[in-house]
Every structure is written in structure tokens, then in C-alpha cells.
Amino acid sequence: MRAVETVGGRCAPDALGPTLMHEHLLIGWPGWEAYASEDRAVHRERTKICVDRMLELRELGVRTLLDPCPIDLGRDVELMAAVAQESGVRIVCATGLYKEDYGAPAYFKFRAQFGDAVKEMADLFVHELTEGVGSTGIRAGVIKVATGAHKISPYEELVLRAAAAAHLATGAPITTHTDEGTMGVEQLDILTGAGVAPTAIIVGHSCGSSNLDYHLAMLDRGGYIGFDRFGLELLHPDRARLGALIGLVGLGCERQIVLSHDTVWCWRGRAPSLPPEVMPDWRPTHLFKKVIPRLREAGVPPECPALGEQISDIITGLTDVSDELQEISRGMHPAVLSRGGLGPAIKMLARRSTIPVELELTVDQRLPEYAEAAAYYVLAEALTNAAKHAQATEVLVSCEVDGANLCLRIRDDGVGGADLARGSGLLGLKDRVEAAGGQLQIASIAGRGTSLSATIPLTD
Ligand SMILES: [Zn+2]
């Protein structure tokens, strides 16, 4: 499974937890350097502001935050690393370059006169994704690109092409900036035309328009779209963002929509002074306090939109494990199971699990095929659930042959409270075990983890 690079090290995609997909700890418009000496003086104060915000978000359940600040907007990955460390909320930082009119493209425009600017940019992005930013060793986890309103400039297209090349070299997803809800479709066309899978692209700030035809054109191409400026009323009213979001969720598009606010917590140079009544909701807790309750009122069920699981989907793509699950759900056996039997297959699942598995395994003989397949399926699903939904930190697995039965027990220390009736996937497991003539018992009490106990009779 491909890991996600965070400023504090690698993280398994399934372990990211609820993620805010577009917020900024710090930005500085090019030119802020005029105040570089003041900048150093406020470093401590800045760290504290960011840590306080992060702790507030952590309290609301946020576990990871994506700060897609590009290279040329005052990015400070060491600040991000310090804040992540102190607050316990992971941060994913970006490589990439901003749009032409507010970025600092002079350097690369200059370089483009002498050689291949796309290659130079792509090499830089790849270096930041694989080796780290400068000499910090802090690796970027995503690539940021940006375009202005109503047109993509030749320079911006160079950056898009460089991002595509860096994606193809590293697999890192691409997140974009758009203005006034325009050019998202064109961004997707340029990137996918250069070989990027649409599922690796988030077209940011798509909520800058409430035109559903625009949104659907991007969703139909397979891309993700960002409703990531909630509270930024000066650019587009929340009411219109919400209306479009409710409509798209009603169409079943929620898996392709990511939510955030695009807040900026600190500024290099002088901060803009906005009277507090101008955008009172432009804060990173707004989704939790107002937007999600409004979605509920509109009839959107509690587990949807699955805020923040998207980044893991975007980054994971089709991982080994989900490939394996698909194979099984199509009735096929993974190779390790048909060749080696249940014991080796369970060991492989335990090794691949993103959370530590303690294994008590006494099955070393071959068992009837139906029993091996059912047990394997239950364990694979249970480990995925434990990582993805239960936020478990450890799983205990025991598997033994007891008389004429195969007994499989799986217990995690996660949040519990999984509901058989609410489409949690547990129903599928029960069906699967019962189809093998067995029984599945589930205990999942909120706050006390989830236990599964499958008993499958061995009648062959
Ligand atoms: Zn932004």
C-alpha cells in the first residue's frame, strides 16, 4: 500500500482519519520578504496560534489537515512540522506553484528562455516529494497547481504539465486552485491528457460556482471537486455553496467531493485587516458547527458526506488489499489462499494490515475450500473496517480448529458502535459466514471496540 507523506513522517492512507482537505497555517504573497526581519520575530507567536487552532480541530475529531501552500506563497514546512508535533494532528504539505497573477513565476519564466522549464519544475516537485523540501527532509505529500479566472495562461499550463510529470513519477495526487468557479474542466483535460488518472486530481474551489453543469462535467470525468471555501462569503455565498452541495449529494456524488474552508491562520508581511463582522464564519471549525448541521437538516444522513476519508481514497487508489477484496467478492481466491491455505493467507493479511495485529494461529492444515474462503474474507474485511472506520490501534486475531469447527475471533480496540442494520458491511460478513453453514456473532458497543466471532463447521 502506498503511504501518505506527512510532515511528521509516513502514514498509512487508512490511518489518516477525518481530514480537512484545504486549510493554510501560513501564507505570504510574494513580496512579503520586505518584512523578513519582522517575520522571524513572530515565529513563536505564530506556532502558538496554529497549535491552538489545531487543538480545537482535534477536539472536533480532525486527525489530518492538508495545507496545500505552494512553493511561492510563503510556505513554511518547518512551522507545519512543529505544529503537527505539538498538536497531534497530522499535516500533509504540498510542492507545486501558484497561479501566474499572484505567484512568483519570474524565475521559471526566465529559465524557460534557456531550456525545458517543465522538466526543471517537474524535477523540483519530484525532489520535494521524494527527498524533501530544501534540506529539511520534510517530504511533500501532494502537488499543487493553480489557474486564474476564465483562462489558463501559457505559464500556468507549463506548471500543470510539470505536475502531471511529477505525478507520473511518484504517484502523488494533485490538488488545484481555481478562481470564480472556472477552468476546472480545462485543468482536468490538460492533466488527464498528460496521463494523470482523474481519481488522482482534486479540482479545488469548485464551490466558487454553483453551476451544477460545471460540477457534473468534472465529476463525470472522474475527478474530485473541492467544496473547500465554506465561510469565504466575500467570494461566493455559503447559501449557494450549500445548495449546490446538497444537490450533488442528492445525486450520490459525495464520494467525489472534498470539504474544507481555505482559511488562512497567519500571514507573512502585514495581515489584511477585516472587521470581524465581514466573514464571521471563515474559520476552520465552521463545517462542524454550521455546515454539517445544515446538511442534516436537508436530510443528508450522518455518515455522509464522509468528511475526510477522501484523501485516503485519492492516495490509495486501488491498493493491493482492495484488489484482493474485489477478487474475493467476485468469488475468486487470492493466490496465497489457494496455494498455501488459510494459515499463510492470514499471516499475509496481518502483515499488510495498517494497524498492528496480534496473531494466535494454530491452523496449519488445509481445510475445505469454502471454509478457508469465508474465514479469509471475514478477516480481510474486519481488518479494513478496524483501520478505516473504527480508528483502532490494535487488533487481536485468533484462529483455530476446535473439534469439527473452524473458529475465528477478531477483536479491535476501536470506537465500537458498529451497527449491523446501517450498511456497515457487517451484514455482508454475516451472509458470507451463513452461506458457509456457519454463524457470526458481533459485539460492538460504543467506546468498547468491536468483536467478531465466526464459527464455520468443517463438513467435507
Ligand atoms: Zn488555498
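The domain assignment of the protein chain gives domain 1, spanning 4-316, and domain 2, spanning 320-457, where the bounds come from an automatic or database domain assignment. The structure is a predicted model, in which local features need pLDDT of at least 70 and side-chain atom pairs count only at pLDDT 80 or more, whereas totals for chains, interfaces and linings use all residues. Residues are numbered from 1 along each chain as its sequence is written. The C-alpha centres of domain 1 and domain 2 lie 37 Å apart, and the contact takes four residues from each of domain 1 and domain 2, two residues being in contact if their C-beta atoms, placed from the backbone, lie within 7 Å. On the side of domain 1 that touches domain 2, the residues divide into two nonpolar, one polar and one charged; here Ala, Val, Leu, Ile, Met, Phe, Trp, Tyr, Cys and Pro count as nonpolar, Asp, Glu, Lys and Arg as charged, and the others, Gly among them, as polar.

Among the elements of secondary structure, helices (H or I, at least four residues) and strands (E, at least two) are DSSP runs, numbered from the N terminus. An open sheet of eight strands has the order β3-β5-β6-β7-β8-β9-β10-β11, with parallel pairing, where two strands pair if DSSP finds at least two bridges between them. The edge strands of this sheet, each pairing on one side only, are β3 (19-20) and β11 (257-259). Within the sheet order, strand β7 (residues 142-146) and strand β8 (residues 174-177) pair in the parallel sense over four bridges, and the bridge partner of V145 in β8 is T176.

Helix α5 (residues 117-130) and helix α6 (residues 154-170) have axes that come within 8 Å and cross at roughly 45°; axes are lines fitted to C-alpha atoms, for helices over the stretch in contact, and angles run from 0 to 180 degrees between N-to-C directions. The two helices α5 and α6 are therefore oblique to each other, given that angles under 35 degrees count as roughly parallel, over 145 as roughly antiparallel, 65 to 115 as roughly perpendicular and the rest as oblique. Their crossing is right-handed, a crossing being left-handed if the near helix is turned anticlockwise from the far one by less than a right angle, and right-handed if clockwise. In this contact, A117, V118, M121, A122, F125, V126, L129 and T130 of α5 meet L158, V159, R161, A162, A163, A165, A166, A169 and T170 of α6, and by class the contact has 14 nonpolar, two polar and one charged residues.

A further helix pair is formed by α7 (residues 184-193) and α8 (residues 212-220), which pack at an angle of about 15° with their axes 9 Å apart, and α7 and α8 are therefore roughly parallel to each other. Helix α7 passes α8 in a left-handed crossing, with G184, V185 and L188 of α7 and Y214, A217 and M218 of α8 making the contact. The residues of this contact divide into five nonpolar, one polar and no charged.

An open sheet of five strands has the order β13-β14-β15-β17-β16, with mixed pairing. Its edge strands, each pairing on one side only, are β13 (357-361) and β16 (439-444), and neighbouring strands of this sheet are turned by 10° against each other on average, direction ignored. Strand β14 (residues 395-402) and strand β15 (residues 405-412) run antiparallel and are joined by eight bridges, with N405 in β15 as the bridge partner of D402, while V395 stands opposite D412 in β15. These two strands, β14 and β15, form a hairpin with two residues between them, and G403 in the turn has a positive phi of about 60°. Strands β15 and β17 likewise pair in the antiparallel sense over eight bridges, and I410 stands opposite L452 in β17.

Helix α14 (residues 342-352) and helix α15 (residues 369-388) pack at an angle of about 10°, with their axes 10 Å apart, and α14 and α15 are therefore roughly parallel to each other. The contact is made by L342, A345, I346 and L349 of α14 and by E372, A375, Y376, L379, A380 and L383 of α15; its residues divide into nine nonpolar, no polar and one charged.
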